[in-house]
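Here is a chain to read term by term. Each question asks what stands behind a label.

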Amino acid sequence: MRASVEEAGALLARSDSAGRRRRSSSPVQTAPPRPGSLRHQSSSFREDVGHAASETYLVSRLTFTLLQYLGLGYRWMSQLLSLTIYAILLMPGFLQVGYYYFFSSQVRRSVVYGDQPRNRLDLYIPEDNSRPCPVMAFVTGGAWIIGYKAWGALLGRRLAERGIIVACIDYRNFPQGTIGDMVHDASQGISFVCNNIASYGGDPNQIYLMGQSAGAHIAACALMEQAVKESGGHPVSWSVTQIKAYFGLSGGYNIHNLVDHFHERGLYRSIFLSIMEGEESLSRYSPEIVAKTSSAETIALLPLIVLMHGTGDYSIPSSASLLNFMLRATLSSMRSQTFADVLQQVGAQARLLLYEGKTHTDIFLQDPLRGGRDPLVEDVLSIIHADDAIARQKIASAPTPKRLVFEWQLKLARQISPF
């Protein structure tokens with residue numbers, strides 16, 4: 001049975017009030033720690049497990065409530081089965097990453113950045129933070145429904161081992177919230193990072209923004225929304241100029257072009273349009289269209305845009321990536337010109353990095369679990385440390401990450417993957 005507009009509204013209201021009650025009953029962190037005191041001030045393991053359990057319960061309850069309204073189709077069933085087998089195959093790696101997430105003194109979990117139920121972020125702190133470290137604010141993916149900050153643990157660990165502080169920002173998922181709530185949460189998390197990261201040993205002059213899959217879309221929406229506000233003279237809590245570069249990994253940025261694609265893959269049109277607040281809001285939450293209609297002043301505020309996409313990505317094809325977002329954002333009549341020419345004319349910069357044959361999760365998950373060279377991390381670090389020869393030398397001499405999963409498991413997981 002399909003949910004009506006009234007039922008969906010009631011569902012969201014109930015989930016938000018429940019989340020607020022659960023949130024208000026938990027202890028609130030009001031002040032960040034001083035650098036060097038992380039080990040002594042980190043929350044107890046029991047509190048973290050309790051919070052994780054409550055969040056898991058909340059997400060599970062919301063998901064089952066959603067399915068109760070929307071029905072459970074064949075595609076959902078097959079996707080769920082594939083996801084379960086996929087997770088089992090990669091479980092040895094997930095357990096090792098989970099151990100790091102819960103027991104490492106370099107991970108500060110569930111730092112509160114706002115008043116909503118999911119307004120928390122995890123910080124991954126390098127062991128050597130004797131000098132201010134570059135910072136990556138990361139928005140995780142999850143099809144706007146199953147996103148969670150802990151999904152960024154593997155990337156957080158890899159970057160922290162190479163001297164980067166990573167802030168994995170959590171946000172409300174559907175049906176706990178719709179896309180407007182997600183963008184608002186992400187923007188609030190970015191604001192917290194920009195205004196408070198110095199207290200955690202971060203360099204406020206070296207802040208980068210990254211999103212993966214749905215998180216890339218949400219982060220791009222937050223970035224464009226902020227640029228529009230800022231160029232219009234509206235008050236803002238953080239500035240686009242504080243972001244040195246935006247990394248969009250496996251994202252989709254023209255939502256109009258993805259409705260039918262997602263429907264065929266199991267994210268049914270009715271659900272997706274509910275997430276996006278109706279068909280009338282698709283343009284508002286399509287960064288490509290927002291940029292296309294924005295002023296030159298807005299485009300000029302944007303930081304370096306780095307587009308990262310696997311050519312074998314069938315979840316969000318590379319043709320729907322941020323390349324179109326930036327290319328069409330300037331002069332749509334000049335599509336025959338090179339991307340660099342367009343960016344020079346509007347004063348913006350962008351790069352496109354395509355990973356041959358890589359799927360939606362290869363770059364972000366399977367490759368890091370394989371150990372050895374990590375193309376994604378290497379490309380990110382080459383941009384962050386472009387002007388720091390000492391940092392590049394230290395990274396080159398760093399130990400090679402070890403393998404976390406056998407090759408046969410990775411190959412089988414790749415074949416069964418629903419992504």
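Q: What is the bridge partner of V135 in β4?
A: In this predicted model, V135 bridges to I165 of β4.

Q: What makes β3 and β4 a pair of strands?
A: Pairing needs at least two bridges between two strands. Strand β3 (residues 133-139) and β4 are joined by five bridges.

Q: What joins β1 to β2?
A: Strand β1 (residues 107-112) is joined to β2 by four bridges, and the two run antiparallel. The threshold is at least two, so they count as paired. V107 stands opposite Y124 of β2.

Q: Why is strand β2 called largely enclosed?
A: Buried means under 20% relative accessible area. Five of the five residues of β2 (residues 120-124) are buried, so the rest of the structure largely encloses this strand.

Q: Which residues of β2 point which way?
A: R120, D122 and Y124 point one way, L121 and L123 the other way, and all are buried. In a regular strand, side chains alternate between the two faces of the sheet.

Q: What makes β4 mostly covered?
A: Five of its five residues are buried. I165, A167 and I169 point one way from β4. V166 and C168 point the other way, and all of these are buried.

Q: How do you know that the span of α5 is close to the expected one?
A: Helix α5 (residues 91-103) has 13 residues. From its first C-alpha to its last it reaches 18 Å, and 18 Å is what 1.5 Å a residue leads one to expect.

Q: Why are the buried residues of α5 said to line one face?
A: G93, V97, Y100 and Y101 are buried in α5. Seen down the axis, the buried residues of α5 fall within an arc of 100 degrees, so they line one face of the helix. An α-helix has 3.6 residues a turn, so residues three or four places apart point the same way.

Q: What does the buried side of α5 pack against, and what does the face turned away from it carry?
A: The buried residues of α5 pack against β1, β2, α6 (153-160) and α15 (362-370). The face turned away carries L95 and Y99, which are exposed. Exposed means over 50% relative accessible area.

Q: How many residues of the whole chain are buried, as a percentage?
A: Of the 419 residues in the chain, 54% are buried. The chain has 18 helices and eight strands.

Q: What share of contacts joins residues at least 24 apart?
A: It is 80% of the contacts between residues at least 6 apart in sequence.

Q: Where does the model have its lowest and highest mean pLDDT among the elements?
A: Helix α14 (residues 339-346) has the lowest, 37, and strand β4 (residues 165-169) the highest, 97. Over residues 322-345 the pLDDT is below 50, yet this stretch has 42 contacts beyond near neighbours in sequence. Where pLDDT is low, the predicted coordinates should not be read in detail.

Q: What is the average pLDDT of the chain?
A: The average is 77, and 72% of the residues score at least 70. Residues 1-42 have a pLDDT below 50, with 64 contacts beyond near neighbours in sequence.

How values were computed: Residues numbered from 1 in each chain as written. Heavy atoms only, no water. Buried < 20%, exposed > 50% of the residue type's maximum accessible area, 1.4 Å probe, protein only. Contact = heavy atoms within 4.5 Å. pLDDT = per-residue confidence, 0-100. Expected span 1.5 Å × (residues − 1). Arc of directions from axis to C-beta.
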